Amino acid sequence: MCQGETKLESELKLHSSWKSKLQSEFEKSSMKKLTTFLADEYKKGKVIYPQEDDLFAALNLTPLDKVKVVIVGQDPYHGPGQAHGLCFSVQDGVRFPPSLRNIFKELQEDVGVAIPKSGSLKKWAEHGVLLLNAVLTVEDGKANAHQGKGWEEFTDKVIHLVNEERENVVFILWGSYAQKKAAFVDRKKHFVIESVHPSPLSAHRGFFGTKPFSRANAYLKSKGLPEVDWSL
């Protein structure tokens, strides 16, 4: 571990495009408190999702200079084998959570992509879709267990970086939490798509039929930028 690096930064290497911009975040008291909190939880034998190597998967799979679309989630899935560092995504072989199933239904209706066998959205991440949760860890079986521990400040900075350093990015904000978190996004520079959350509790009240995938690509095309390959 290099002098001045926190455990999170030294053991979980960030892609260079993000690390150079986020270096100062790891020196803040909020991140140091978060690091201590997580270390204590691991020492207590708590089961934390996702695995440590996947905490920054969203950033490592989608470099800052490659971001075309940002999708904002809230909290990692808290069941065994689900979370792997990408919002709404689950690992291969895991049953689709209800919100993800609804996303796939809208994807099929919107752009004709057949509902896939795997719930992993890794291909999206590799094609420029930043799948960012507001909180990057959770305790097994305890939704929102790590809210308010410091992750929110870190992920706010990530969104600020995209907002400030990139142009013509599509922000897909499902639900009031995501909309509030990214409320500062400059709509003169970027395109914001908002709707209710794909959860079964709200999907029929304004998620289905919103066509976020085709609208995102139409915007990118209008700016002369490569469209996202939404196939999975």
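Is D75 buried or exposed? Select D75 and you have a buried residue, with a relative accessible area of 16% (buried means under 20% relative accessible area, exposed over 50%, partly exposed in between, with a 1.4 Å probe and protein chains only).

Before moving on, a word on what is on screen. This is a predicted model, in which local features need pLDDT of at least 70 and side-chain atom pairs count only at pLDDT 80 or more, while totals for chains, interfaces and linings use all residues. Residues are numbered from 1 along each chain as its sequence is written, and side-chain values use heavy atoms, with hydrogens and water left out.

**Stop 1: D75**

An unreviewed UniProt entry gives it the annotation "active site" (UniProt positions are in the numbering used here, feature names are shortened, and annotations may be inferred rather than shown by experiment). D75 sits in the loop between strand 2 (69-73) and helix 5 (98-111); helices (H or I, at least four residues) and strands (E, at least two) are DSSP runs, numbered from the N terminus. Now show its contacts, meaning heavy atoms within 4.5 Å. Leaving aside residues up to four places away in sequence, D75 touches N133, V135, T137, V138, A143 and N144. Zoom in on N144: its backbone nitrogen is 2.7 Å from the side chain of D75. That is a polar contact: a pair of N or O atoms within 3.5 Å where, within protein, one must be able to donate a hydrogen and the other to accept it, and residues adjacent in sequence count only if both atoms are side-chain atoms.

**Stop 2: salt bridges**

Next, colour the charged side chains. The whole structure has nine salt bridges, each a side-chain nitrogen of Lys or Arg within 4 Å of a carboxyl oxygen of Asp or Glu.

Pick K21 and E165, whose closest N and O atoms are 3.3 Å apart. K21 is in helix 2 (residues 16-22) and E165 in helix 7 (residues 151-165), so this bridge ties together parts 144 residues apart in sequence. K21 is partly exposed at 34% relative accessible area, and E165 is partly exposed at 40%.

Then select E139 and K46, a salt bridge with closest N and O atoms 3.9 Å apart. E139 is in strand 4 (residues 138-139) and K46 in the loop between helix 3 (29-43) and strand 1 (48-49), 93 residues apart. E139 is buried at 11%, whereas K46 is partly exposed at 30%.

Go on to D156 and K181, which meet at 2.5 Å, N to O. D156 belongs to helix 7 and K181 to helix 8 (residues 176-181), so the pair ties together parts 25 residues apart in sequence. D156 is partly exposed at 27%, while K181 is buried at 9%.

**Stop 3: T62 and K68**

T62 is buried, with a relative accessible area of 1%, and its side chain reaches the backbone oxygen of V129 at 3.4 Å. For K68, look at E227: its backbone oxygen lies 3.2 Å from a polar atom of the K68 side chain.

**Stop 4: helix 5**

Select 98-111, which is helix 5. Its end C-alpha atoms are 20 Å apart, which agrees with the 20 Å that its 14 residues should span at 1.5 Å a residue (the expected span is 1.5 Å times one less than the number of residues). Its buried residues are S99, L100, N102, I103, F104, E106, L107 and D110. What covers them includes helix 6 (122-126), strand 5 (170-174) and helix 9 (212-222). Just after the helix, G112 takes a positive phi of about 80 degrees.

**Stop 5: aromatic rings**

Finally, show the rings. There are 14 aromatic pairs: rings of Phe, Tyr and Trp (its six-membered ring) pair if their centres lie within 6.5 Å, and planes under 30 degrees apart count as stacked, over 60 as edge-to-face and the rest as tilted.

F88 and W174 are edge-to-face, because their centres are 5.5 Å apart and their planes at 75 degrees. Both F88 and W174 are buried. W124 and F213 form a tilted pair, 5.7 Å centre to centre with 50 degrees between the planes. W124 lies in helix 6 and F213 in helix 9, so the pair ties together parts 89 residues apart in sequence. To finish, select F88, W124, W174, F207, F208, F213 and W230, which form one aromatic cluster.
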